[in-house]
Amino acid sequence: MYSVVAESCIDMLYRCRNVVHIKQVHAHMIANGKLQDLVFANKLLYTYVQHKAMDDAYYLFDGMTMRDPTTWSLMVGGFAKIGDYGNCYATFREVLRCGVSPDNYTLPFVIRTCRDRKDLRTGQAIHGAVLKYGLQMDHFVCASLVDMYAKCMLIEDAQRLFDGMPSKDLVTWTVMIGAYADCNAYESLVLFDRMREEGLVPDKVAMVTVVNACAKLGAMHRARSVNEYIVRNSFPLDVFLGTAMIDMYAKCGSVECAREVFDRMKEKNVISWSAMIAAYGYHGKGKEAIDLFNMMLSCSIFPNRVTFVSLLYACSHSGLIEEGLRFFNSMWEEHAVRPDVKHYTCMVDLLGRAGRLDEAVKLIEAMAVEKDERLWSALIGACRIHGNMELAEEAANSLLELQPQNPGHYVLLSNIYAKAGKWEKVAKFRDMMTRRKLKKVPGWTWIEVDNETYQFSVGDRSHPRSKEIYEMLMSLIKKLEVAGYVPDTDFVLHDVEEEVKQEMLYTHSEKLAIAFGLIAIPEGDPIRISKNLRVCGDCHTFSKMVSAVMRRSIIVRDANRFHHFNEGTCSCGDYW
Ligand code: ZN
Ligand code: ZN
């Protein structure tokens, strides 16, 4: 039984609103000898920690003659909470040194600190301590280790621990699903299904994670079923979930579905508006993006940097030059948003595509912000379209200076030289890549058929229906040739015979995927594919012609944007 004085001490601590109050209670407790009681001392310590007064907490802690695991855990957690990682680790080391066995309160604090700092080395050392003290089966400890490994990108370690957990709660499942969403979106969705099979009901955080995984994968059928699930279980479409869904539908190829979600959202913030503007941009719908931007202004939502990147991107990818220039100039003058390198990149892209290379160069020269690789890539892209070799070379050298280890840049430059027939330069760059041990990123194309995702690489013969696919491809090429298709061998890097080049071109992963789509996807349904690199010029022409000759709409998501091929034309207007 506590005495009346003691009770009032606890009450007083509860009522403390600031550190001055706590110090008064502290003094009162000293006067009444209450600090000799560990329960009271811990309560006081807890109150200091709650108010983030770690100096005072430490002063109290330092003078305590008795400490229990709660005392230590409060100190470790308190330092973690204020971001004082040095003291957090040091206190934890002290715990081990004093022979106190760490408990399932203290450990998660330290492990989460490692996670936030991506400090794998300390994390692994703590994992060692966990094993030493036999806490590996503790739910809280194990869940925080899974989280730590996942955030540090050691997905296999995370998975191993996760598999060994006797019971997994929703938070831990969500951590794993989220970890896979970053590196293997397909696996992420598999896990989500497994979680539901085990009877767990996802919450909003889990749903946002799954929606992001669908966006990464670009898998339309999954997007639809996730949407159905959300509607059926009446998840409120707040700004987080709604915005993630806009992005998901946009990346799965349906700007209409994205807009539907956008219209259904009761509450929208600047991020939701920007996401919808970006969705229009991806799909080459510049005019719709501008309309939405104006609507946003009339709703008194203030645009930010992200909004302008989306808007300028939309203008550039729809060839809306004057509008783009006008918005760019209005950024600072009317909206007090300072352009950064991303905005400049959009502008270089916009001017460059229109052939206004001089203006693009002037803009770059006048830039006050630091230049990055995307900026130079945009200029090079424009030079390639307009055949300005000199400028391309200059820009490429700036790019290589900035990022000598990126193989994509060498490929880009080699392509420019190949187009100009300068094979000795092509050879020089190929040589440089070999010497610097750089490998070209392999191209992959994915296609969804009957709720399955199939993957193709160039010249791929691993598909079980490979024979049919090649037959379809060859008959397709014959049909296209009748319609005037001439393979553009400029897009083959190698200095080889024309005939061999053609063969390589014919088996680009996009073409294989499209051929498979024509065999396996019912007539009338669009063929949706995604590619990890930019679509090449020849595959672009090929897709346009297939859409006309076979009367099929083809939707391609490449590394940069969406292409909707219909009746012989592409939504990008051959600008990409
Ligand atoms: Zn290609
Ligand atoms: Zn296109």
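Is Y58 buried, exposed or partly exposed, and what is its relative accessibility? Y58 has 39% relative accessibility, so it counts as partly exposed (buried is under 20% relative accessible area, exposed over 50%, partly exposed in between, with a 1.4 Å probe and protein chains only).

This is a predicted model, where local features need pLDDT of at least 70, side-chain atom pairs count only at pLDDT 80 or more, and totals for chains, interfaces and linings use all residues. Residues are numbered from 1 along each chain as its sequence is written, chains are lettered from A and ligands numbered from 1 in the order in which they are written, and side-chain values use heavy atoms, leaving out hydrogens and water.

**View 1. Y58 and F61, one of the aromatic pairs.** The whole structure holds 14 aromatic pairs (ring centres of Phe, Tyr and Trp, the last by its six-membered ring, within 6.5 Å; planes under 30 degrees apart are stacked, over 60 edge-to-face, the rest tilted). With centres 6.0 Å apart and planes at 40°, the rings of Y58 and F61 make a tilted pair. F61 is buried at 5% relative accessible area. Together with W72, Y58 and F61 form one aromatic cluster.

**View 2. F192 meets Y229.** Here the ring centres of F192 and Y229 are 6.3 Å apart and the planes stand at 85°, so this pair is edge-to-face. Both F192 and Y229 are buried.

**View 3. Charges over rings.** The charged end of K268 sits over the ring of F262, 4.8 Å from its centre (NZ of Lys or CZ of Arg within 6 Å of the ring centre and within 35 degrees of the ring normal). R326 lies over the face of F327, 5.2 Å from the ring centre.
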